[in-house]
Amino acid sequence: MSTGVSGGAAADVVVVGAGIVGAACARALARAGTRVTVLDRGAAASATSAHGEGNLLVSDKGPGPELDLALVSLRRWTVLAGELADELGPRFPSVEHEPKGGLVVVASEPGLAGLRELAAGQRAAGVEAVEVTGEQARELEPDLAPGVLGGVHYPQDAQVQPVVATEALLASARRAGAVVRTGVEVTGGLRGADGRLVGVTTSAGDLAAGAVVVAAGPWSGEVARRLGAWVPVRPRRGTVLVTTPMSQRVHHKVYDGDYFAATQSAGAELQTSAVVESTRGGTVLIGSSREQVGFDDRPRAEVLAHMARRAVAVFPFLAQTNVMRSYLGFRPYMPDHLPVIGADPELPGLWFATGHEGAGVGLAPATGDLVAAALLGADPAVDPRPYAADRPTLSALRPDVSDAQAAQVTCASGTTEKAHEGVRP
Amino acid sequence: MTSHRISAEADPVRPGADRPLTIVVDGEPVTGTAGQTLAGVLLGAGRREWRTTSGGGAPRGVFCGIGVCFDCLVEVNGLRDVRACLRRAQDGDVVVRQGPDRAGAQEADR
Amino acid sequence: MNGVRGRHVVVVGAGPAGLAAARAAADAGARVTLLDAADGLGGQYWRHLPQARPAAREQVLHHRWDTYRELSAAVREHPAVTVRASAQVWSLDRLDDGVRLHVLVGEPDDAGRAPLALAPDALVLATGAHDRTLPFPGWQLPGVYSAGAAQALAKGERVAVGRRVVVAGAGPFLLPVASSLLRTGAAVLGVHEASRAGALARWLDRPWELAAVPGKAAELAGYVAELARHRVPWRAGEAVVAAHGDGQVEAVTIARLDARWAPVPGTERVVAADAVAVSHGFTPRLELAVAAGCALTPGRFVVVDRAQATSVPGVWAAGEVTGIGGADAALAEGAVAGAAAAGADPAPSAVRARDRARGFTARIEAAHGVRGGWVRWLRDDTVVCRCEETTYGRLREVADLTASRETRSVKLTSRAGLGPCQARMCGRTVEELLGAMDPGGPGVDRRPVVVPVRLGDLAALPDAPELPPTPATTGDPT
Ligand SMILES: Cc1cc2nc3c(=O)[nH]c(=O)nc-3n(C[C@H](O)[C@H](O)[C@H](O)COP(=O)(O)OP(=O)(O)OC[C@H]3O[C@@H](n4cnc5c(N)ncnc54)[C@H](O)[C@@H]3O)c2cc1C
Ligand SMILES: Cc1cc2nc3c(=O)[nH]c(=O)nc-3n(C[C@H](O)[C@H](O)[C@H](O)COP(=O)(O)OP(=O)(O)OC[C@H]3O[C@@H](n4cnc5c(N)ncnc54)[C@H](O)[C@@H]3O)c2cc1C
Ligand code: FES
């Protein structure tokens, strides 16, 4: 029985994971006066959040709770980018927030009809979605393929540089008193006499906490298991291509209408689309593929070829450009396509902020706010129920975990009381 | 002229007769001999910078000479990002300087 | 001929290691495909004038030119070897049942190159190394070259990089570079070796210590005699610590170094020069080895066993990807790897030659390996990443502001290593400056796209690439 707190002083909240979601949670909680410790087994901003892109999209989401969260989060990013710049000063690298707008294009009449229907629903949910003719599309993007029939322009779509954004959120959280400890792996949970989760065991000792927030990206399922709980997050692999720097010829986030189908489908087979965007560094990013191959990190040329075909179909000039890098990451995928934000229904003291799949960068600020509001009992900016861990679509999948996981859990009655006081309302 | 091609008469390897070729570099003819790379032609003619960096606007030419540093990139016959140290020159090649690439986006934090 | 008859061995790289491997594999009964991105054979060591510029006495620039002539003729004429020049392996897929190589054949960096996919029974990686230059103020000026560049231009172009040239850095490689420069007619103002007397100097004084590698000893002794003849000073414990000039090099600052390679204050002197050739060691070309999943040593070379087998079944490695030992070691390792890849027992003489050469490898590293004091010649405005022009000061500032020492994050926040060379020039340096070496891991050397590829060529790849029949008997001319 371990009661020692060799890992450091007890925290009000331990956040597991220093990716963009954990960073946003830590910042929101720390600024609300909570003593936060962020733990990451690796380095900060180095896992999924460093292996994706930084699109902040509403265009790719159909009406529903994910879109509602995205709209709130998009507005938050606009404010946040300014706040972070002011707070961290001009020497801090820029988060490169660019509200450049998205353009979804199609090359067929049926494609256009489908897109039109989607846009109508999105408009009803509050999205700006402007249908454009082929000619208008080419005014926005002069280098589009001649075959483009038309599309929809989404002025709200934006982007940030996700690694800088994560580091900026962490730097801001640190200024508000948060402690970020890297190279510390969470190995299990500490339980109070009443069974409540009162901290974590780690590779660097135990750490008592009033609440534990799991923001471990695609590894959240494994972390939950170690803590004696369950969340059905799975990795969904994605690959991105990067060109050499060039003068800017792509001005929006441009993608073919098929992208939507790929995000909404659960198929394991290879799906690719081509979201083409330029970055401030002059490179063009082309993303991305979706594959369910577990954590297999062996790249495949076939995937790159698929993506290249898509990209060249939208922007023929890209055929002449050089691809200098590809990288791949694992989106934290949820079977019902919604993140999990909120308390675990069975284990008191455990909270989730995970499962954002291909939208974690966009959804991070709103997620952080929701977690802070829920933990501190404040009013949330959006109705949190659709993201709750006990929503019906998840309850239906829930296995019986209570006894199987007992081995991971250390009883820590000695720290229980102190930890209980942890979270101040 | 600092960099230069060794004159055939003075060269201990006793090269065969020159087979001259001319490439056009930023509008100016530059002469070399068949078998040289673009970088070889340029350096052989005493030119040692032909690219401008994106961020700092600094001059660059050959650094590694074997295709790993990408300092020597040129546009050749309309195709960008060709390593001059690897590509053999062809008579009539049109070579254009690659300049700053980032449309107005100087890094704010440099 | 005791290998598995008909086994298809693909050798990547046609330098000394790859040539020796291809011949040994073919002699052991394998069918061999030898690939090199260059349009000729020989690799870095035997870089020579192209076919379009035949020379009567090419051999005066080379050591063991006869070996090259013999090896290249052997692989070209061997009925079981297909030589493919201008064949760039741009990616490697690691599949459950082996590896698949993706190759583009054509002019370097061209659009519309011909795709080729190979699924070998055995793979020999002989991709060599490139030289490494530590940054110093002004190293980005035109007229500063890596020592390898000066060498490649002298041998492969008959171009002299300058008329008054300073050679500096570390290791025995500086000697052949100085020699080649002399043979371009340049005045070599000095050869400045960072390691202090006791390293190469001792070998030069006591050549019998090199007797175990007779070829190398004779070669080095020859260079020393040549430098003496031309009155070129060779100085140990010195470095070029800055280059100066308006738009190109006009002068360099040379300083004495202490044993840790830190400049000794007050010893600086400025020397007028129109070119500088500087290298401090070599960095192996690991892209394919990393993609194949090969284990790496802490110093990040490919781990091989006595038969040159890597940790990945079906993959062997030889030459400078496994350690910097010069051409003799590369030849010996190639001969062992080629035979083993073909399923044969390597000749005992080849194994012995390899073992002898390895001693030399270890001694180069011990004597000339980079020492941390060099950081002291950096200034805040010294460019570290040549592509993105990230300075030393900015790199440190960003690492401090983000409280990060991890290369992936710092790369994306400082931009160091994000440019077209993909951290080939600055990656190791940035890792050292951050103290973020990734022991045993690939660190900055994970580059799934081995060299830039035109997006159109990617798009044109066949969906399920048809593998060519195992090579026929004719060798492509190169
Ligand atoms: C190819 C690709 C493209 C994408 N494009 C976009 C896009 O354009 N826009 C967008 O919004 N999103 C995009 N995404 C998705 C986005 O990247 C993710 O949703 C987001 O990064 C998830 O952040 P996270 O903080 O949850 O996870 P991560 O960044 O993975 O962070 C989780 C952290 O938890 C740590 N951890 C795991 N286990 C433990 C443990 N036991 N103990 C301690 N620490 C642990 C990990 O080390 C890691 O650092 C993309 C993703 C991919 C793969
Ligand atoms: C520029 C330079 C000049 C040198 N000159 C000398 C010298 O004069 N004297 C000396 O003693 N040492 C010299 N060296 C050291 C030299 O590396 C070794 O002595 C020797 O050449 C190593 O042999 P190797 O077979 O291991 O590799 P290399 O000779 O380097 O051969 C590797 C080959 O692999 C090919 N290759 C690599 N990757 C791929 C790919 N993905 N697809 C297709 N082909 C690929 C390359 O094109 C290259 O031809 C030089 C090194 C460099 C970098
Ligand atoms: S000089 Fe380095 S790539 Fe050409």
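Domain bounds are taken from an automatic or database domain assignment. On that basis, domain 1 (6-50 + 163-233 + 337-419) and domain 2 (99-155 + 235-331) of chain A each give at least three residues to the shell around ligand 1. The model is predicted, and local features need pLDDT of at least 70, side-chain atom pairs count only at pLDDT 80 or more, and totals for chains, interfaces and linings use all residues. Residues are numbered from 1 along each chain as its sequence is written, chains are lettered from A and ligands numbered from 1 in the order in which they are written, and side-chain values use heavy atoms, with hydrogens and water left out.

A residue is taken as near a molecule or strand if one of its heavy atoms lies within 4 Å of it. Ligand 1 has 41 residues around it, of which Asp40(A), Thr48(A), Ser49(A), Asn55(A) and Glu357(A) come nearest. By class, the shell around ligand 1 holds 18 nonpolar, 16 polar and seven charged residues; here Ala, Val, Leu, Ile, Met, Phe, Trp, Tyr, Cys and Pro count as nonpolar, Asp, Glu, Lys and Arg as charged, and the others, Gly among them, as polar. Secondary structure is given as DSSP runs numbered from the N terminus, with helices (H or I) of at least four residues and strands (E) of at least two. In chain A, the elements that each supply at least two residues of this shell are helix H1 (20-31), strand S2 (36-40), helix H6 (220-227), strand S12 (234-243), strand S16 (322-333) and helix H9 (360-376). S16(A) gives the most, with four residues.

Polar contacts are pairs of N or O atoms within 3.5 Å; within protein, one atom must be able to donate a hydrogen and the other to accept it, and residues adjacent in sequence count only if both atoms are side-chain atoms. An oxygen atom of ligand 1 lies 2.5 Å from a polar side-chain atom of Asp40(A). For Ser49(A), a polar side-chain atom is likewise 2.5 Å from an oxygen atom of ligand 1. A polar backbone atom of Gly360(A) is 3.0 Å from an oxygen atom of the ligand. Taken alone, ligand 1 exposes 1,000 Å², of which the protein buries 97%; accessible areas come from the Shrake-Rupley method with a 1.4 Å probe, and for residues only the protein chains shown count as cover.

Ligand 2 lies between chains B and C. Of the 36 residues around ligand 2, those that come nearest are Ala17(C), Asp36(C), Gln151(C), Lys155(C) and Glu320(C). The shell around ligand 2 comprises 17 nonpolar, twelve polar and seven charged residues. Because domain 1 (8-130 + 283-365) and domain 2 (134-280) of chain C both give residues to this shell, ligand 2 lies between them. A polar backbone atom of Ala17(C) is 2.9 Å from an oxygen atom of ligand 2, and a polar side-chain atom of Gln88(C) is 3.2 Å from a nitrogen atom of the ligand. Ligand 2 taken alone exposes 980 Å², and the protein buries 95% of that.

Chain B contains one helix and eight strands, in the sequence order β-β-β-α-β-β-β-β-β. Its C-alpha atoms fill a box of roughly 55 × 25 × 25 Å along the principal axes. Of the 110 residues of chain B, 59% count as buried, that is, under 20% relative accessible area (1.4 Å probe, protein chains only).

Methods
Buried means under 20% relative accessible area, exposed over 50%, partly exposed in between (1.4 Å probe, protein chains only).
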